[in-house]
Amino acid sequence: MTTAPASPPRRPEAPPALATPMARQIREAPTLRGMLTRAPAPVKVAGALAGLLFFAANAAIGYLVIDGRLDGHWYDFRDLGVAVGELRVWLDDRGLGPWLSYWVTALIGAVGILSFVGGVLLIGTWIERRLLAKFQIRRGPNRVGPFGLLQPLADAIKLVQKEVLIPRGADRILFYLPPVLVFIPAMLAWGPVPWAPTMSYLDINVGLVYVIAISSLSVLAIFIAGWSSNNHYALLGAMRTVAMMISYEIPVSISLLSVALFTGSLKLSAIVGWQSDHTMWLGLIMPFALFTFFFSSTAEINRTPNDIAEAESEIVAGFHTEYSGMKAGLFLAVELGNALLIGALAATFFLGGYTFFGLEQWIPPYLILAVKISAVYFLFVWLRGTLPRFRLDQLMGYAWKFLIPLSIAFMGVSAVEASILARVDLPGLLLIVLVVNAALTVVFVRLWARVVGYEAPRDEVTMPALTTSVGGLRAAQRLRGGAS
Amino acid sequence: MPAGPTQLSGRRVAAALAAALPSAVVAEHDEWVEVRPERIVDALRWLHDAPDFDAAQLSNCCGVDRHDRFEVVYHLQSLDLNQQIVVKTTVADHERPSLPSAYAVYKGALLQEREIYDLMGIQFAGHPDLRRLFLWEGFPGYPLRKDFLGLGDTTPGLARFPFENKAQPDRIINPGLRPATPDPASQEAPPGWRGDARA
Amino acid sequence: MTTSSEPYVLNIGPQHPSTHGVFRLRVAMDGETIVDMDMIVGYLHRSMEKLAEERTYTQNIPFTDRADYLAAMSGNLGLCLAVERLAGVEVPERADYLRVIFAELQRIASHAMANGTLVSDAGAWQTPLLYMFREREKILDLFEMTCGARLTTNYMRIGGVAFEPPPEFWPALRELVDELPDRIDEYAELLTDNEIFLARTRGVGVISAEDAINGSLTGPALRGSGVPWDLRKAEPYAVYDRLDFEIPVGRRGDVYDRFMVRLEETKQSTRLIRQAMAEIPEGPHKTQIPLALRPEPGEVYGRVESPRGELGYYLVSDGSPAPYRFHIRAPSLINLSLLRALAIGSPLPDAVVTLGSIDIVVGEIDR
């Protein structure tokens with residue numbers, strides 16, 4: 001029979017008191033994982049039960065889906081468009097006029113989009129700040145509410161209660177317009193985005209062109225903001241922005257044109273449908289178009305590495321220097337909203353939209369799309385936390401000399417491939433196209449970069465020389481002569 | 001004597017300077033050589049060009065107010081030969097002191113001479129942009145001068161060490177001195193400022 | 001029809017996210033290019049040199065903290081060396097080693113700040129700055145442990161250092177020195193091959209070696225232009241002649257070279273600290289100087305290699321307890337002599353990055 005140990009096994013001795021205050025602070029700071037592991041037992045039991053319930057609910061839903069009980073009914077929560085369609089039919093049957101159903105469903109959709117975008121803006125601010133802080137080894141906001149979740153609300157309240165300042169010499173009417181003018185396209189462009197097979201607010205058959213056109217309206221708003229501020233910084237920022245946004249509209253359009261060529265349609269839901277029919281994402285088939293779209297969009301929405309319009313370290317805040325209070329709040333909100341919008345568009349055009357190789361019949365498609373939007377947004381924040389920013393002339397040179405010619409070349413390649421795909425009917429043709437495109441991307445990019453002069457000479461020594469003897473000009477010449 | 005470890009003997013420098021530029025040297029000392037104010041730029045240029053001295057860099061250029069005259073000290077540095085030369089000049093006029101500017105020889109004298117002008121009032125002839133550096137245009141007087149009074153009309157200096165002989169005053173109160181007259185030549189922008197196209 | 005354009009004046013005012021302190025630039029610009037540039041300083045002028053004339057030498061040591069507030073140890077060290085030479089005071093060996101350790105720690109902290117703010121000026125949203133601040137925080141904690149203050153340390157005294165570091169200082173220093181080389185390699189890896197950083201800093205703000213020497217440039221700016229000049233090797237003070245380190249020298253004199261020189265110097269500083277920690281002897285940490293220190297009438301120019309360049313103190317003594325003339329040769333001010341020539345003709349972002357690479361501290365400029 002084994003004897004029990006003399007004393008119960010103790011927890012390992014805590015390490016000796018750390019010398020520096022910072023080390024102590026780091027060790028004793030509260031973390032989420034620490035809180036969860038040290039939660040009292042009843043809390044853990046409740047959490048486990050909640051998890052089990054969640055799985056049970058999912059199993060039940062899975063059964064319903066397999067059984068086909070949900071398809072076509074208004075309570076099919078996977079596709080709210082079905083419910084809205086049933087509502088429209090019901091309203092039409094009431095006979096109160098043909099316009100009632102249209103207005104009611106339009107209102108429902110608009111309120112839905114606005115509340116979704118507004119809600120995501122609130123949580124998006126929090127995500128951005130906490131995520132950026134994670135990249136920068138610090139905590140983000142963690143004081144206002146649990147884990148700082150009420151920080152965006154506090155910011156909004158603070159901005160709203162600020163004094164409304166109009167700089168002296170600023171054009172009064174033109175000064176009020178830009179925050180509104182920049183918010184409108186940011187909202188309108190969410191229209192055509194398809195969330196589920198029948199859940200798209202504005203599924204027009206020129207959806208792609210509509211999106212491009214709407215997003216170019218914000219250029220005007222930014223320039224009005226810079227001009228009406230009566231401030232050199234603002235004007236400088238506005239001019240830089242206009243130059244940059246106009247330059248980067250073209251690569252965006254050309255890359256989306258490649259998409260349209262392949263799918264044969266400008267309708268966003270048809271593009272998503274093509275990707276789901278061929279079980280292949282357009283981003284895999286045309287990686288250069290995806291990269292061009294993504295990079296040019298950072299220029300369109302003034303995010304790092306292309307945020308010279310509001311290069312904080314040079315011109316304070318660029319075109320929105322003079323804006324304070326909720327007007328500035330609107331500009332910042334729109335920057336965030338635009339980032340999410342680009343996420344939605346990139347997901348729709350290149351990443352398969354609401355589909356995920358068949359998963360969309362189990363999980364509501366709008367959730368899949370939300371995950372994709374978050375992934376692209378994460379990429380935006382990651383770039384912001386990591387990269388320095390380009391200078392304006394470097395940016396413009398990159399757009400005109402590099403992106404546009406290459407985009408045109410790839411559009412030509414896509415046109416040829418699209419016509420081949422339309423005529424020939426081989427089973428693995430799409431995979432062949434993917435491999436060919438990948439190879440061509442590598443080849444063209446390397447070639448063109450060398451032609452344009454972007455290849456950094458790798459043999460040039462960049463490290464400083466180390467020496468132990470001091471001297472002046474003669475020693476400098478000796479060092480330089482000896483090195484080269 | 002507290003000379004730097006690489007500081008050249010003033011007598012050697014004085015001998016070489018006297019040989020090259022006669023009548024420039026006024027006095028010599030173990031650590032420094034004193035040069036006539038009108039010939040200071042020539043002396044600096046000669047020291048800059050001479051291969052034995054190779055004074056390539058102006059380490060420090062500083063003014064000292066000696067109550068009845070001003071002294072300007074130039075610490076020159078040769079990087080290749082690793083030696084340091086100290087050159088001084090005395091400006092006798094205490095009311096309107098003036099020196100030729102060393103900017104012709106050393107570009108590094110640009111801001112140092114502006115500082116001396118700002119705080120001591122020595123005009124440097126030939127300086128491209130002689131304006132006040134720290135104080136605003138129109139400031140009355142030159143603060144580092146010994147006759148520029150501090151708070152409570154105290155002149156600079158400490159007469160006794162703190163905690164020693166408390167019967168003696170530690171600060172010198174001398175209300176007899178009056179501050180200098182405001183500086184007439186003050187400019188807002190550097191000469192030739194290309195900011196106004198109309199100017 | 002003739003078109004004409006007028007340059008407009010942009011005031012990069014005393015309050016600005018990227019001027020390092022209260023420093024004002026009036027820039028006349030034609031489009032994006034700078035046509036003329038005027039620098040206005042004096043917002044932080046505290047008349048230290050005048051105030052020092054009625055305080056004793058020891059009472060003047062805190063002034064040097066506040067002149068270059070990012071390299072307080074170096075400022076203290078310079079003044080103490082100058083007064084020791086003037087008054088003929090011997091410093092015990094342990095104090096010399098401690099001075100080297102603290103001066104090099106201060107160099108690492110200051111270069112972390114300088115490089116971090118340079119990359120922030122280039123647009124990297126403070127991420128590299130905050131990474132480098134990890135080490136700086138630990139160094140400042142070490143300072144606080146020893147002398148009670150993080151920034152304005154007032155630690156060196158005439159004849160040695162003020163306090164013996166407490167026993168918990170040495171393990172913490174050992175830990176820091178062990179992990180620093182990896183951290184510095186991490187920063188180097190993040191930034192030296194970053195295309196955007198290279199595009200922003202290569203070929204920008206090039207200063208040739210002749211211009212640098214003639215413009216009285218010193219410190220990493222001079223070494224970035226290819227001139228191997230470091231006062232720790234040329235005119236060794238404390239125990240630098242017994243320790244073994246190298247000076248990094250750049251090749252082209254652009255912003256990138258100055259950045260790399262500072263990065264390399266932090267590595268060399270780590271090496272110096274490790275050697276000093278190994279060789280430090282036991283002994284007193286300062287000599288007892290007479291309380292009423294009245295140096296012989298005379299003058300001295302004592303200088304140290306601060307993180308910004310040659311920090312010199314020109315002291316004239318007339319036999320009284322206070323200096324007759326107390327002049328700080330501020331490297332930040334003198335390194336700015338070439339700024340105007342560099343800025344004219346370049347676009348504004350380049351001028352901002354160049355200013356960041358010269359690494360100024362306005363407290364030292366204005367005194």
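Reader: Where in chain C does C:A238 lie?

Author: C:A238 lies in the loop between α10 (231–234) and β6 (247–249) of chain C, where helices are DSSP runs of H or I with at least four residues and strands are runs of E with at least two, numbered from the N terminus. This is a predicted model, in which local features need pLDDT of at least 70 and side-chain atom pairs count only at pLDDT 80 or more, while totals for chains, interfaces and linings use all residues. Residues are numbered from 1 along each chain as its sequence is written, chains are lettered from A and ligands numbered from 1 in the order in which they are written, and side-chain values use heavy atoms, with hydrogens and water left out.

Reader: Why does C:D359 count as buried?

Author: Buried means under 20% relative accessible area, with over 50% called exposed and the range in between partly exposed (1.4 Å probe, protein chains only); C:D359 has 6% relative accessibility and therefore counts as buried. Buried residues make up 70% of the 367 residues in chain C.

Reader: How do you know that the radius of gyration of chain C agrees with that of a compact globule?

Author: The radius is taken over C-alpha atoms, and the globule rule is 2.2 Å times the number of residues to the power 0.38. With 367 residues, a compact globule would have a radius near 21 Å, and chain C has 21 Å, so the value agrees. Along its principal axes, the C-alpha trace of chain C spans about 80 × 45 × 35 Å.

Reader: What makes a set of residues a nonpolar core, and which residues touch the most other members of the largest one?

Author: Such a core is a set of buried Ala, Val, Leu, Ile, Met, Phe, Trp, Tyr and Cys residues joined through side-chain atoms within 4.5 Å. The largest has 79 residues, of which C:F102, C:L105, C:L173 and C:L315 touch the most other members, and helix α4 (residues 93–121) of chain C gives the most to this core, with 12 residues. Leaving aside residues up to four places away in sequence, C:L173 touches C:I101, C:L105, C:L142, C:I273 and C:M277, contact meaning heavy atoms within 4.5 Å.
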